[in-house]
Amino acid sequence: MTCENYDPCFPDQPVVDRYLAIWAIQPSFRDKPAFIWTQDAPSGLTWTSITYSELDNAAEAMASQLLCTLNRGDSLLLLCSPGLRLVKLLFSCQRAGIVAVPVIPPDPSAFSPACRGPAHHHLLRVVSQVKPNAVVADRHYIAAVTGSVSSSDDRLGHLLQKLRWLSVEHLDDECPRAAASSLSPSPYLGSAHNVRAARKAYDLQPSSVVVSWLPQYHDCGLMFLLLTVVAGATCVLASPSAFLHRPRLWLELVTEFHATCTPVPAFALPLVVQRGGINHGKLPLKLGSLRNLILINEPVYKSYVDEFVKEFAAAGIDPSSVAPSYGLAENCTFVSTAWPSDEGCRSRYPNMPSYNRLLPSARLGSLSSSASEGADIDIVVVDEETCEPVDDGVEGEIWVSSASNASGYLGHPSLTREVFHGRLRGETGRCFVRTGDQGVIGGEERYLYVTGRDSDVIRTHDERNQCVHAHYIESAAYSSSSKQLRGGCVVAFDAEQLVVMAELQKKKEEERGVDVYREICEKIREGVRKEEGGRVGWVALVERGSIPKTTSGKPRRWLARQKLLEGSLRPVYEARFVAGRHEASARDGGEGGVRQGNVASLMPYRRRIRRSGMAVSSSSDFLASLQLIDTSSCLKEQKVQWMNVGEGRGRLEGRVRYLRGQRRRRRVNEHEAVGPSRCEGWPPPAV
């Protein structure tokens with residue numbers, strides 16, 4: 001592993017902020033668009049842009065304005081709508097040496113305790129944890145929030161009343177424009193080492209054009225802002241809500257701006273196939289310019305990619321552009337990609353091997369090659385109990401060591417030691433991040449397949465009672481009724497039986513009813529039995545938006561489980577499947593082993609869960625307070641300058657539960673199989 005990864009053929013800098021100043025004074029970059037903000041209107045696409053020189057001047061001027069009221073090292077809460085103003089604020093905080101904390105602005109009209117939603121509770125956690133010195137928001141948003149909390153006597157109201165509120169319009173419009181940079185650059189959370197590693201891995205150049213609708217509050221969305229500036233490229237931005245409203249917008253932006261690179265979560269592929277196919281819009285799609293189709297979340301199903309490439313083959317998409325990747329906030333986002341940058345490599349998709357229907361997320365190289373010795377990021381698969389590397393083909397926990405490793409979790413030193421100070425048995429020196437992800441290495445090129453989270457392994461509750469990753473159950477359940485269920489909105493978990501919760505698609509009233517729901521539940525049970533051998537005991541069908549998710553769109557299974565068991569999430573329809581007599585009657589043409597769920601009949605069961613659920617609730621405040629913070633790998637002794645409190649929480653919640661349970665449990669069925677490999681990370685039931 002190498003700690004310095006400067007490219008002698010590229011103007012690499014020790015910290016990210018210095019790239020912006022360099023591009024701004026170059027004649028060929030001064031007037032080049034750095035970022036373009038697009039909006040989808042009925043009349044067509046509209047956009048505004050900011051050049052490298054304008055961004056550099058704005059960052060300098062806004063940084064000077066911020067330092068009139070704040071000091072270097074202070075923390076600043078950003079409650080701004082996504083757009084170019086937020087981009088300028090992020091870079092100005094970096095230049096001013098202020099810790100920027102971007103958070104999704106909650107609904108300002110719902111700050112009363114009775115009306116608050118998840119975004120308000122997240123804001124409370126952030127303010128309590130970070131203790132910001134000031135808040136920046138839109139002028140109208142400030143007026144609405146201050147009016148709502150002026151008479152509030154709860155904790156969030158008191159905290160917000162104490163904060164100093166700054167208007168982003170004042171900082172952006174009324175601050176003097178700086179002619180030259182007078183502030184010294186400051187280190188950056190997304191370490192320059194990590195951004196340089198990502199730029200080289202994807203071979204991004206000044207000629208690259210990136211299209212991203214990822215949230216600007218999310219670690220990967222922030223990463224591609226940095227990556228754009230480091231590469232001297234152009235980034236076309238859109239809001240996540242615009243993509244969800246019309247998924248085809250993503251591909252239209254690629255067509256309109258001749259994009260060469262676009263990062264998307266893997267669930268976007270089936271979504272755009274279903275709702276934004278080749279014939280779903282007026283604008284003809286031309287995707288031949290794409291060189292990097294970066295799939296940023298794991299696991300990546302080969303079938304999703306196959307369907308997407310087949311659907312848009314007529315639009316000229318190059319299959320070799322598919323780049324399954326792996327990342328986590330504990331390593332400043334980027335870890336690896338299976339996409340080889342050399343054009344002549346034959347191992348690009350569709351020649352990329354698969355394992356258990358999954359595409360690889362890294363290519364580690366053969367043991368005899370010297371590539372791994374000079375790698376920027378070292379990856380090993382480890383037996384999490386013995387702390388020894390496992391053989392290729394055996395599943396274990398993924399450990400990552402690099403100069404991009406974060407310093408730890410803010411305010412939680414014991415958990416930091418547990419996760420960030422992993423050491424292989426018999427070795428001293430380098431530390432590893434224990435990712436909590438399960439993986440397996442296979443093939444001559446030693447491809448890494450990320451198979452799932454160790455905290456999301458569940459039992460099938462059939463005769464074999466084997467361990468299986470939850471996403472396999474969820475995939476089988478969705479495939480059984482794909483026209484009635486929402487893609488990416490199915491969760492499976494263990495609650496003394498195998499439970500599947502699924503969101504229903506929006507349908508007309510005549511397309512709903514008990515008979516339809518009953519059929520969906522039966523198909524889910526049968527689909528899971530055929531594909532994974534699991535015995536589903538309970539199916540809950542819920543309305544759209546009911547399943548909680550992280551800022552990256554991943555389902556929060558533990559929270560969905562907690563809400564269902566405590567009764568705070570009311571299903572539209574629920575079916576219970578019982579063994580023995582009822583299943584036999586189904587085969588004989590009886591009731592089918594299915595009966596409509598009766599909430600009252602489940603209350604004794606839920607009361608038992610609620611007793612343990614109190615422990616979950618009390619610990620959830622602690623879990624919610626865990627936020628990620630990192631220092632620049634280049635200037636460790638200086639203050640941290642960027643904090644990301646959005647993504648990472650879901651990973652932490654599962655990781656904390658797993659590590660706590662691991663101390664209490666004994667090893668269960670040492671050689672139980674998960675597909676062709678074994679899974680030794682069977683987690684205990686949630687507290």
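Reply: The answer starts with the chain as a whole, turns to the helix, and then goes through other elements.

This is a predicted model, in which local features need pLDDT of at least 70 and side-chain atom pairs count only at pLDDT 80 or more, while totals for chains, interfaces and linings use all residues. Residues are numbered from 1 along each chain as its sequence is written, and side-chain values use heavy atoms, with hydrogens and water left out.

The chain holds 21 helices and 30 strands; helices (H or I, at least four residues) and strands (E, at least two) are DSSP runs numbered from the N terminus. Of its 687 residues, 59% are buried, where buried means under 20% relative accessible area, exposed over 50% and partly exposed in between (1.4 Å probe, protein chains only). Taking contacts in the chain between residues at least 6 apart in sequence, 75% join residues at least 24 apart; contact means heavy atoms within 4.5 Å.

The helix for the close look is H17, residues 514-532. Its 19 residues reach 27 Å from the first C-alpha to the last, close to the expected 27 Å, the expected span being 1.5 Å times one less than the number of residues. Which residues of H17 are buried? They are Tyr517, Ile520, Cys521, Ile524, Arg525, Gly527, Val528 and Glu532. These residues cover an arc of only 165° around the axis, which puts them on the same side of H17; the arc is that of the directions from the helix axis to the C-beta atoms. An α-helix has 3.6 residues a turn, so residues three or four places apart point the same way. On the other side of H17, Asp515 and Lys530 are exposed. Just after H17, Gly533 has a positive phi of about 75°.

Helix H12 (residues 248-257) is another case: 9 of its 10 residues are buried, so H12 is largely enclosed by the rest of the structure. Among the buried residues of H12 are Arg248, Trp250, Glu252 and Phe257. His258 follows H12, with a positive phi near 50°.

Ser53 is buried, at 15% relative accessible area. Its side chain comes to 2.9 Å from the backbone oxygen of Arg30 and makes a polar contact with the side chain of Thr51 at 3.2 Å. A polar contact is a pair of N or O atoms within 3.5 Å; within protein, one must be able to donate a hydrogen and the other to accept it, and residues adjacent in sequence count only if both atoms are side-chain atoms. Not counting residues up to four places away in sequence, Ser53 touches Ala24, Arg30 and Asp31.

Next come the strands. Strand E1 (residues 33-41) pairs with strand E2 (residues 44-51) in the antiparallel sense over 8 bridges; two strands pair if DSSP finds at least two bridges between them. A hairpin of 2 residues joins E1 to E2, and Gln39 stands opposite Thr46 in E2. E1 also pairs with strand E8 (residues 234-237), in the parallel sense and over 3 bridges, where Cys235 in E8 is the bridge partner of Phe35.

Val322 is found in strand E11 (residues 322-328) and counts as buried at 1% relative accessibility. Val322 and Tyr349 are 27 residues apart along the chain, with 6.2 Å between their C-alpha atoms.

Last, 6 strands form an open antiparallel sheet in the order E13-E19-E18-E16-E14-E15. E13 (362-363) and E15 (388-389) stand at the edges with a single partner strand each, so one side of each is left without a neighbour in the sheet. Inside this sheet, strands E14 (residues 377-383) and E16 (residues 396-402) pair over 6 bridges, and Ile398 in E16 is the bridge partner of Val381.
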